[in-house]
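Hi,

Here's the structure I promised to pass on.

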Amino acid sequence: MATKIRDYAKLAADIREAVGPDNIISAANCATRLRLVLKESPSAEVTQKISEMPAVIKVMENGGQYQIVIGTHAKDVYEEMAKLMGDTAGAEAAEVKQGLFNRIIAAMSAVFAPFIYILAAAGLVQGMLIIITHFAPAFAETGTYAVLSFISWTPFTFMPIMIAVTASKHFKCNTFIAMWCCMALTNPDWGSIAARIADGETIKFLGLPMAQTTYTSSVLPPLFLVLVLSYLERFLNKYVPDIAKALVVPFISAIVMVPLTILVIGPVSDAVAMGIANAYNFLANNVPAVAALLVGGIWQVFVIFGVHWGVTPMNVANFAKYGCDSFQAFQTCAVIAQAAACFGVVLKTKKKDMKSVALSAGLTGIFGITEPAIYGVTLRLKKPFVAGCIGGAIGALVISFFNTKYYVYAGLPGLLTTVNAMSDANPGSFTGMMIGVLATIIITIVLVQIIGCDEKEK
């Protein structure tokens, strides 16, 4: 059971001591998990010991990481862990061999998790504006709307700069050099040059033609920029004399990385992101029912294994190119289903302590955070988790019949973000969203009452 903890420093110290201070290579956090990269996997006894610590919901090893599910206090515990680790984190990361998939997932988690709440909050502002202008169209012409609108879009417009900060920490390179390079990509002057190229003009850099790719709201181009920068920076730090490093390293890094991104890294990585998005969109546009059943039914399985950050580039690419995304609409049903399963347990179980845990986890799930629901209730009792997967699949299937999409990015899809489905151009979208959500909640709760939950669970 997750409880509100006040001594984050003690929990961080206890976890560090349990896994071994010298065994930790690096630490990171996402919305609900403390993620550690370790030299050696702890024993089953150590894992059991950590899982029994106050506020720890679940401990697992996946994606090359030792993941400790804590809940909404994960960030607080991580900050205390970072203080204990000091500057030694990551010093020997190269000694640990991880598969490509594990490294990708670890990078996605480390890069996006720190600012996901910023994107979620910005999405709520956009959702609020959608509701207001739907009932009062004239509000869209006011200065108040204009200010709130550009506030809500700012994190998405300058996402490459936020990625520069988090990615530079993950890949161990100079944060300010990474920010400089990514700010150059979002500079309006480059936007003007790209527009001229898009209009048919040929513009070259050192004789090489440049592509029309723009980088505001982009994900993979800045991510790969910082990855390559980390290798370049290490090379320069090795061979540039100490007396000249402070000036020469950022100078060479910028004049190499920005053009290299514009000429090669940007167009290639952008094509990769759009290729993944197009593959999903092909499925969603041609057999939407299948896409809905898959996303609504098994999305929470991805959450269990902590690999759910991998779809972020695809979602962002969809919003950047098409202004909408069906994946997050289907995903919302999967999230709401686990919250509904918790409420179903509240109605079904006879145990007071389980009622309390399920109610708390269900309320958290409403805000798009399902780990407490999964590990504290539904997966722990098994049958409610299955009920949630079925309810999420059916709810997503229902909304697929209405061509429901999200028109605003949702950092944490949940009940509050359903307004993101509102669109004057697609009036059936929000209607379908509401019907699908209602179907998800009712079916999930009813299923829990029918199939029950294991009352023998300790």
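Let's start with helix α16: its buried residues are Glu 371, Pro 372, Ala 373, Ile 374, Tyr 375, Gly 376, Val 377, Thr 378 and Leu 381. Buried here means under 20% relative accessible area, exposed means over 50%, and partly exposed is in between (1.4 Å probe, protein chains only). That makes 9 of the 11 residues of α16 (residues 371–381) buried, so this helix is largely enclosed by the rest of the structure. Helices are DSSP runs (H or I, at least four residues), numbered from the N terminus.

A word on the source: this is a predicted model, so local features need pLDDT of at least 70 and side-chain atom pairs count only at pLDDT 80 or more, while totals for chains, interfaces and linings use all residues. Residues are numbered from 1 along each chain as its sequence is written, and side-chain values use heavy atoms, leaving out hydrogens and water.

Now the salt bridges (a side-chain nitrogen of Lys or Arg within 4 Å of a carboxyl oxygen of Asp or Glu). The count is 4, including these:

- Lys 83 pairs with Glu 80, with 3.5 Å between the closest N and O atoms. They sit 3 residues apart in helix α3 (residues 74–85), about one helical turn, and Lys 83 is exposed at 62%.
- Arg 196 meets Glu 201 at 2.8 Å, N to O. Arg 196 is partly exposed at 40%, and Glu 201 is partly exposed at 36%.
- Lys 245 meets Asp 242 at 3.0 Å, N to O, and both lie in helix α11 (residues 242–286). Lys 245 is partly exposed at 22%, whereas Asp 242 is exposed at 63%.

Cheers

Notes
Helix = DSSP H or I, 4+ residues; strand = E, 2+ residues; numbered from the N terminus.
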